[in-house]
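Please keep the structure open beside them as you go.

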Amino acid sequence: MNPLRTRRFALKALGSAALLTASATVPLATPAVADERQQHLSVTLDWYDTTAVTVAVAGAATQITNSRTWAISWLAAARATREVPASVDRRDFQNAALASAVHDALVALIPSRTQELDAALRSTLDRVPDGPAKAKGVAAGARQARQVLALRESDGLDPASVNAPFTVPPAAPGVWQPTPPAYAPAAQYGNRLARPFLLDSPDQYRLSAPPALDSGRYRADLAEARAYGAAHSTVRTALQTETANFWFGSSLTLYTEPLRVALARSSRSIPARAALVALFHIALVDTQIATSDTKYAYLRWRPVTAIRTGTIDPDPDWTPLHVTPAHPDYPSGHNTYSGAAETILTALTGPRTAPFELTSLTAPGVTRTYTAWGQLSQENEDARVYSGIHTRSADVAGLALGKRVAGHALRSAGRLFNVL
């Protein structure tokens, strides 16, 4: 889809003047007005940071479950802040509504953090003057949190459902088998059985089959993974190894800061900033569902299995740079995540931004600087090959799938956001 058309879809889908007011850069204001504007932005960022800490400290072991927590909390916030009652201060109402919605959703989803979340809510509400705007905002946030939680009840995204049992088929050329060193059971099979937010079905954007094992493309893929992804590769450069290490961690964790950068630099209204966070994670939940659908539809073996046991010059001692995750190769989940994230950020904030720095828990001491969302996607594509855990075709297909699912989310968002 044309990027400008996608952006128009995004703005239309997220609704209405209420969501899109203040979309242009605001002119310079008096110091008092500027301070007030910064205070209102800080409420959004405060609850973004609170959500990030809550998920990091006490979230689920499954990434898609944590994405669901973000999506529910911020969808409730986006809904709660949209319609401001007559004769109340708009900003006071919206700040109270956002804090109340995110607080109540997080308490319901991660009750072990109730004490910390209650303290965060008190801190926000202490900054909002007492009166009808505050009271009605708190009530609106609580109401939307209840409604969104009910909407997503029993959606199959709890950790037990996500890792539903999967029977591994007999070993055969091209067929996924558990991988060394742990030979762990298949993970994330249950994603493809879950209920999406906006997709009509998990297989709506199922990819075409991966390259045939006897194709030139697959032979090139495997040769690249064998050479560049080996634990002791002689052709992978130090920078390429750093790239593999940098992007080896959780996509949810790695994209928390880029999304925060986009949020902090947005000049849009409070409802639109909440919608940015919500739609980002809604798209990512649906993308992870679609990813598992394609993975388990084709069950393509991982490079380590192909190289050790395949018919193309097998090497039983070959070891990848990084331990291979316990699910099929095609498509790469890291790249579906990147493709979706890039699409949402581009549609709602533009393709480029001022330079920002990013660090990674899996590459201590390394700081990288980016100016465009697509740069993160390109590094992700390369990284999984350099790690030795994906073929290039799986990475390219992953980016394409993520972009398609995110495009669908942008076109369909009104179904979720335009409900009061």
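1. The second largest cavity has a volume of about 40 Å³, and please bear in mind that this value, like the others below, comes from a predicted model. The count of cavities of 30 Å³ or more comes to 2.

2. Which residues line the second largest cavity? The lining is made up of Pro210, Pro211, Tyr218, Asp221, Arg300, Asp329, Tyr330, Thr391, Ser393 and Ala394, and, sorted by class, it has 5 nonpolar, 2 polar and 3 charged residues. Two helices, α9 (216-228) and α17 (392-412), each supply at least two residues of this lining.

3. Thr343 deserves a separate look, and its place is in helix α15, which covers residues 333-349. Is Thr343 buried or exposed? Thr343 counts as buried because its relative accessibility is 14%, and buried means under 20%. When its neighbours within four places in sequence are left aside, Thr343 is in contact with Lys403, Ala406, Gly407 and Leu410.

4. For the protein chain as a whole, the secondary structure comes to 18 helices and 2 strands. Of its 420 residues, 56% count as buried, while the chain exposes about 16800 Å², of which carbon and sulfur atoms supply 56%.

5. Finally, consider how contacts relate to sequence: among the contacts in the protein chain with a separation of 6 or more, 81% are accounted for by residues 24 or more positions apart.

Notes. Residues are numbered from 1 along each chain as its sequence is written. This is a predicted model: local features need pLDDT of at least 70, side-chain atom pairs count only at pLDDT 80 or more; totals for chains, interfaces and linings use all residues. Side-chain values use heavy atoms; hydrogens and water are left out. Helices (H or I, at least four residues) and strands (E, at least two) are DSSP runs, numbered from the N terminus. Buried means under 20% relative accessible area, exposed over 50%, partly exposed in between (1.4 Å probe, protein chains only). Contact means heavy atoms within 4.5 Å. On a 1 Å grid over the protein atoms alone, a cavity is a set of points where a 1.4 Å probe fits but cannot get out, and a pocket is an open set with protein on both sides within 12 Å along at least five of seven lines; lining residues have an atom within 4 Å of a point. Grid points are joined across faces, edges and corners, and a volume is the space filled by probe spheres set on the points. Ala, Val, Leu, Ile, Met, Phe, Trp, Tyr, Cys and Pro count as nonpolar, Asp, Glu, Lys and Arg as charged, and the others, Gly among them, as polar. Accessible areas come from the Shrake-Rupley method with a 1.4 Å probe; for residues, only the protein chains shown count as cover.
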